[in-house]
Amino acid sequence: MSSDAPGNVLFVVMDTVRADHLTPYGYDRPTTPGLADFAAEATVFEEAVAPAPWTLPVHASLFTGLYPSQHGADQENPYLEGATTLAETLSAAGYDTACYSSNAWITPYTHLTDGFDDQDNFFEVMPGDLLSGPLARAWKTMNDNDRLRTLADKLVSLGNVAHEYFAGGESADSKTPAVIDRTQEFVADSEDWFAFINLMDAHLPYHPPDEFAEKFAPGVDPTELCQNSKEYNSGARNIDDDEWTDIRGLYDAEIAHIDAQLTRLFDWLKAEGEWADTTVIVCADHGELHGEHDLYGHEFCLYDPLVNVPLMVKHPQLDADRRTDTVELLDCYHTVLDALDVEGGDPAAPGETAVGRDPTRSLLADDYRAFDGVADPDPGQAAAPDGAYGFVEYSRPVVELKQLEEKASAAGIDLPEDSRFYSRMRAARRPDAKYVRIDRIDDEAYRLDADPDETTNVAGDDGDAITATESVLADFETRVGGAWTGAAAADVTDDAVADMDDEAQERLRNLGYLE
């Protein structure tokens, strides 16, 4: 980068926000006028592909430059280790770094906040000081024990549920204004800086502030709607068209609140003279389903409303424009390194994997996604040297599975093990075609150009687009470690608690997880 390039980076993740509910992506409701203004001076990417359909693996990819199966952070192993993070690299290079989020997965116990000089998860049930101390050590011990790992998954799920109730509930304030306030304080006290924020408003359950609810969901009572996706997905709860309309209205209201708070932050950066010197990345980690394909939430599938995410980037090297070429979210890792002129690649600890800056994965580089000349390509670069494909990986969702099983059992419903609920999945996607490998049911493939809603499964079609996409996916699978098959059972039982030491049991009892 040139010497007059921006010296700071603001990286914003709008958690669970689907692209087609944003004004810059053509939505017909005015949910995001602030982002529309931002898009007018940024590059808007229409074909951005998330590496996974949920928070933990996506953020681990953003922070390491690795695909999910490479970094290994997923529900079967719910923490990141053995990889140097972007924050560790930038902090070592002299940048002030901060992470502010109210997402229960982005905390010290998952190691996603490793390397940040300052962090706050605004997590009322598991405050950051506990998670970085004895509880974090207890968590690590639990995950290193095969029998206890499934209990750890369940505890994260319980923590998320409790957090959603307290942080987004009917009588609680949203944490997003506090995230914005802390970001302003950090920027005001810093020189060269990297700030990462995750905004959780659009994640279930939806309890938007009154002023936005009145505009986008007038007269809707959030407590009367189905706000538990597992009830619907298990078959225990039906949702009719009118209720879906109300649910989407609340969702839009939450997105509008995000937009208002981001506008407040952007206006403050401009007033403080920071805007011109700041690269701004705004994206979603994944989207959400509201009844499409008979699913609710963001699990059990790799459909486009989840993995074709919004991405907008402001930087002098990028024109105010729209692009329709394939972009992968993990490219943002290299884009940040490039924007701050940091090479990376130096492990923070012996034996760790540290990914160095690769200009072919930087959105700012002239040879972006020209993978055919890379000397040591990663699995995605090797499988698709033309850069036309994005890859998605979904490990078996053990936390969602347990909750789904509980809802189904209470309703007298048996879930077949040979179903999407128990499946691991991988996908290759290009703008006109997608192929999804699924280990327990039939594969899925879609011609996105002719069937953007993915209504007709054309797996097995001998057309060039589907055949080529399946071939690229198979190559990626071979290079990254084979197909994810043979998922083992992972029942969570209270008997596992007996294997915990006294300190771990006491810490969890104090937090309300044990009686």
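## A tour from sheet to cysteines

Start by selecting Arg-426: its bridge partner in E14 is Arg-437. Residues are numbered from 1 along each chain as its sequence is written, and side-chain values use heavy atoms, without hydrogens or water. You are looking at a predicted model, where local features need pLDDT of at least 70, side-chain atom pairs count only at pLDDT 80 or more, and totals for chains, interfaces and linings use all residues.

Next, show strands E13 (residues 425–430) and E14 (residues 433–438), an antiparallel pair joined by six bridges. Strands here are DSSP runs of E with at least two residues, helices runs of H or I with at least four, numbered from the N terminus; two strands pair if DSSP finds at least two bridges between them.

Now widen the view to the open sheet of four strands, ordered E12-E13-E14-E15 with antiparallel pairing. E12 (390–394) and E15 (444–446) are at the edges with a single partner strand each, so one side of each has no neighbour in the sheet.

Then move to helix H15, residues 398–410. Its 13 residues should span 18 Å at 1.5 Å a residue (1.5 Å times one less than the number of residues), and the end C-alpha atoms are 18 Å apart, in agreement. Just after H15, select Gly-412, which has a positive phi of about 75 degrees.

Last stop: the cysteines. The whole structure has zero disulfides (cysteine sulfur pairs within 2.5 Å). For Cys-283, the nearest cysteine sulfur is that of Cys-332, 5.4 Å away. Cys-283 is buried at 0% relative accessible area, and Cys-226 is buried at 1%.

How values were computed: Buried < 20%, exposed > 50% of the residue type's maximum accessible area, 1.4 Å probe, protein only.
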